[in-house]
Amino acid sequence: MSDVVEKTLTALPSLLSLDSHPGSAKLSSTSKLGNLIRGITELTSKHEEEKLIQHELLAIKEQVSSPNTTMMKELMVRSIYCEMLGYEASFSYIHAIKLAQQGTVLEKRVGYLAVSLFLNESHELLLLLVNTVLKDLQSTNLIEVCMALTVVSQMFPKDMIPAILPLVEEKLNHPKEIIRRKAVLALYKFYLIAPNQVQHIHNKFRKALCDKDPGVMTASLHIYLQMIQENPEAYKDLTPSFVTILKQVVGGKLPMDFNYHTVPAPWLQIQLLRILSLLGKNDQSTSEVMYEVLDESLQRAEMNHNITYAILYECVKCIYTIHPKSDLLEKAAKCIGNFVLSPKINLKYLGLKALTYVVQQDPKLALQHQMTIIECLDHPDLIIKRETLELLFRITNGQNVTVIVEKMLEFLCISEDDHTTIDLVGKVAELAEKYPLKYNEWFIETMNTVFSLGGDMMQPDIPNSFLKLLSEGFDSVEEDRKLRLFAVNSYIPLLRGEPGKLPQRFLQVISWVLGEYSHLREDLEPAEVLSLLAKLLDMKNSSSETKSWVLMAMTKLCKGGADASVTQEVSETYSSSLDTVLRQRAHELQYLSQDPELRARVLPRGAKPETLEVDSSLSFLDRFVSEALAAGAAPYKPPHQRQEELDQSKALSLEPYGLSLPISMSSCSITDRQSPTLLSMSSGLSGDTLKLDGIKRVWGREGYLAQREPVEEAAQVEVPSPIQSPGRQGEGDSLHSQTPTQTPTPEPEQEKQQLASSLFVGLASQSSVSLMGKSEPMPQRFRRKAKGQGLGSSFIANEQISSSLISPPSAVDNLLCNNLLDSNNASELAEQTSQLSQSLTTANGTCHAEAELTESDTKGCNPALRRDNCVVAAGPGPHNDPGRLTEVCLDSYLPAELSGLSHSEIAPLCANQSLNLSACHVQKEDSLILVVFIMNSSESAIQQIRLVSITVGQYSLTVKRPAVHVEVVGTVSYQLPAGTSQSLQFSYKVPLTSFIRPFVVSTEEYGTMWLSFSHDTKQNLTLINDNQEPLTATLNALKKKLQLHVVEVIGMEGIVACRLLQDLPCLMHCRVNAGWLAVWLRSPVPDLPDCLIYHCQRALQSL
Amino acid sequence: MWCARLIGDLVFCIELTGRHCCSLPRPLSDPMVKPATDRIMIKFVLMVNRQGQTRLSRYYHSVELSRRAALEADVVRYCLSRKKDQCSFVEYKDFKLVYRQYAALYIVVGITDSENELSIYELVHNFVEVLDKYFSRVSELDIMFNLDRVHIILDEMIQNGHIVETNKSRILAPLTTIDKMVDS
């Protein structure tokens, strides 16, 4: 805290002494601006303000348009004031641009400032600024160049970037630091708004990173952070550079003026730590480079100042993001402890935030701090409470879910903020649905609270998935019945009470459930339910949507007889309603209530939900369409074409289109058999499918059983006191210091401990698992991480990019085509034994490792570990560089029948102390083979000789849903001689093009297929122009690169076909148009056209 | 037209292929690139006094003029309702507010959840120290009377929602140069 600032600000002089104040010395208070400011300060009401500003705006307007105004700068500042108070001064925008163009230095700066404040990035007036910027960039006055670059890095029309790009690039070599720095920032802006425009200058970014001035280097980090976020793989080689930079910064090598309160460039350190954590994520070798500097950062940050804590927080986050190292983790955990226990509230908050992040990887850390967490739950500051709930949400398991949900609901009752409510309600619903069958009643009650508290603000998918859950049911018919009955039982009293207070969404849920299941309660007369429902219709605040839900429910319930009068009355009232939907429902009610037979057919009771078959190509309408066309109707144009035509008619569209690939590329082929890791990944990643899918899977047939076990376990454990809980014993000394060990525990303390034990009960058992692998923390961590992914969707968002994946063996039966089984490879697969326990014996037998691929819990189709090649022992003598070794030698291990085919570069996947994984893929005619090289890299310490033995696994891959890159994820589990089992996860990316094969069809076949495919995309591609026949040349280039089949070329048009393995066709229609190749892709597979067009672009660009 | 001959009864195709316009190709963008708004770490910087009057506002994402006043009023209400011993960070809608009080003036920064709250808290102080250096003992009136200069200083520090410079002398360099040019 700067005391000086504090004091001067407190001494805000009274308004009367305005003139004498030093700050206002330059401006006389009699000036117009002075008057305005005084006016503003004296304001007492909104009404006065409005009057004052309107008056001011009129005055400005008058002056600003008179020629030769000398007060232009002051007028601008006054306009800025008016806009700041929320009154539009649009008439002055053009004058701001003029001022930037014509004014003197300070006026120019104010002009630019006003422009950046007034206009948003898409404002058309910005175009008028381009010339001014151009002129200033060429100015000999450095200050003008500086201003121009500043405004460019704030806002610039993206179509005009090419006009100034060469000038900005030139500035990168300017002798002045400030100009170079600002030029880099301008390029960063370009990268943000139009990344493709600056693609060619990536090497210049590197130069900026190596700039001798730290300021320029700092500026370039913005670009790198961004690029690394998008594609960490491409920048791994820079890791040592970032580490060196951080080392120098931490070591105090920067000039003194970069210090803030004696801490060297703290914000730069934070930026670097963020970059490092992105680079080191899931990458052991890269992480190893940064351990030392992270350790140093942790140690340096001993000074007791907020900013060092900010750095520490970032450091801890980094340590927990990258590949783990036990002693660093320990130090980081201790650090978090200091945060959480700090009396300073800001630090406590940050500690909780860090803990929330960390428990996703290491839940047992929450155990260490359980008492603090409990205290934070009761903290008077709501934000601390909120953050604590966030933390608890991350550590929820089947055993503590009720307590945590209770705490969340408590908070919901006192929270007034809509946003918090929506967020928390969503979380409660998520938890409740995850563990529903534990306690039927608890589930229904929790959901009732969710519905009544969440009201109509909550996400609409919450009631939907709840109803889906109820209707789909679980394994046991009896359980289903109980759950439904309980729901009915809980709703009836609500309706008898004051239904007017319930939110609409809840009423809709209630009426659906009653309509569907009220018959389960035998003592309940349908007539009573009907009259309760009818009451809802009469309520004033019922929306028409609710009314139609109610009417539908009544339709299901009415039986004629005694109920007839109620239904009759209702249907009469609403059959003349102005709302067409209500009217429809009323008519349905009327007819179906009179015809029980028809009703039984239309609305059968207790029907299982059927999956709807949707003909997305709408082929059943073909006849209708052709008739209409024959009758002279205009043909249908898809929206993008209509838009195109619209744009064309307006003006030349300069705006580049965004590639409309679906955000979530994920579509893991989920089967019951897949490993839980993959499953949770997919449930989190399901962006385009409804969330419901994930829910259903989580406790589908398997999940339901899985949930049961912990329940029983919990019953036996009987709320263990935290001191005795087994997991805590091994927690280390930091734990003992916190837990009160005195025997006579005071009353409230005991309560807290009880709460603690109920909150952290599940974690203890989890941590006991992790204790086993203490010497080898890595595999455990991965497992936990996967869990975290399933829970926190926000965490997933920045997780893996594209991951349409086929886990090799389980994919085999997912394949859309079965002809794989005919291929050579498949027959080999079938021959494999189901349990592969391969002993990798090294030459002199010093090390044994058993390789067993985890995926092998799938029955017959097992990883094709090739027996003849698998145990190859080689002792190539002392070797320093395992990476090089891999490249050099692995070629020779390729299976014999694949060695003739071309394979991709053998890339290292991952490694730990004992195993080294590498992989490549081989394209065969009708399959893609993934070859995994498993190499034993254990070292025998005595002889200093690296003993290598290599096992080769072969998997055939297919794509179920296309993505630009297909990622294969797998696990290798193996056993060390000591008997401890280990696992190693790997992932491998294959471009979609590897799965593309030519598709030979005739033109006629092509024609028929074209019509039947529903997914399409269109795009203009660059033509290859160096040839007489640009179309043929381009098509041939594509054919060569992407393995397409050119069906026919006539004149300026050509048709091309290809297929995705196994037999998913994609058709391409190309036409030369005004120097571009207009391409139209169609396929029955969603996303395939989009992904393919991406690769076409890439292919043509790389030529 | 050719397409129709080739494919036969495909009536749609004629129209569609015949009218391809000459728009520029779409950029080769990675489909995973997040929308630009997600990258903005700092959403706005506000200076508000205890009476709820805005002294300075700078938005790094587009907020309509008409909605700013309401947002600012909300923000002030949130900050005023906090006690001294409470956390300097508040949750507001889908982002967080970091505030720091200097006498009657609050400086409030809106940030996304992924930003480091404490570093922003100190950034605010750094900003005030820079102002202090420039105005030599800054007061609320300095800020009011020199709104343009305060903005220029802020622009040197934060751009596009990112911290671009924190070195005090470098932040002030352009402005002091301009001042010298004006004086001479």
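## An enclosed helix in chain B

The buried residues of helix H6(B) are Leu147(B), Asp148(B), Arg149(B), Val150(B), His151(B), Ile152(B), Ile153(B), Leu154(B), Asp155(B), Glu156(B) and Met157(B), where buried means under 20% relative accessible area, exposed means over 50%, and partly exposed covers what lies in between, with a 1.4 Å probe and protein chains only. Because 11 of the 11 residues of this helix, 147-157 of chain B, are buried, H6(B) is largely enclosed by the rest of the structure. Helices (H or I, at least four residues) and strands (E, at least two) are DSSP runs, numbered from the N terminus.

## Basis of the model

This is a predicted model, in which local features need pLDDT of at least 70 and side-chain atom pairs count only at pLDDT 80 or more, while totals for chains, interfaces and linings use all residues. Residues are numbered from 1 along each chain as its sequence is written, chains are lettered from A and ligands numbered from 1 in the order in which they are written, and side-chain values use heavy atoms, with hydrogens and water left out.

## Chain A as a whole

Chain A contains 51 helices and 20 strands, and of its 1103 residues 57% are buried. Its accessible surface comes to about 48,000 Å², of which carbon and sulfur atoms account for 53%; such areas come from the Shrake-Rupley method with a 1.4 Å probe, and for residues only the protein chains shown count as cover. Among contacts (heavy atoms within 4.5 Å) between residues of chain A at least 6 apart in sequence, 66% join residues at least 24 apart.

## Two local sites in chain A

Leu125(A) is found in the loop between helix H6 (105-118) and helix H7 (129-137) of chain A. Leaving aside residues up to four places away in sequence, Leu125(A) touches Tyr93(A), Ile94(A), Ile97(A) and Leu119(A); the C-alpha atoms of Leu125(A) and Ile97(A), which are 28 residues apart along the chain, are separated by 8.3 Å.

Ser593(A) belongs to helix H31 (residues 580-594) of chain A and is buried, with a relative accessible area of 12%. A polar atom of the Ser593(A) side chain lies 2.9 Å from the backbone oxygen of Leu589(A).

## Salt bridges

Over all chains, the whole structure has 46 salt bridges, each being a side-chain nitrogen of Lys or Arg within 4 Å of a carboxyl oxygen of Asp or Glu. One of them joins Glu390(A) and Lys427(A) at 2.7 Å, N to O. This pair links distant parts of the chain, with Glu390(A) in helix H21 (residues 382-394) and Lys427(A) in helix H23 (residues 418-434) of chain A, 37 residues apart.

In the bridge between Asp523(A) and Arg521(A), at 3.1 Å, N to O, Asp523(A) is exposed, with a relative accessible area of 58%, whereas Arg521(A) counts as buried at 18%.

## Confidence

The mean pLDDT (the predictor's confidence in each residue, from 0 to 100) of chain A is 72, and 71% of its residues reach 70 or more. Residues 658-745 of chain A stay under 50, although the model has 134 contacts beyond four places in sequence for them. Over residues 765-888 of chain A the pLDDT is also below 50, and this stretch has 271 contacts beyond near neighbours in sequence. Where pLDDT is low, the predicted coordinates should not be read in detail.

Definitions and conventions. Polar contact = N/O pair within 3.5 Å; in protein donor to acceptor, adjacent residues only side chain to side chain.
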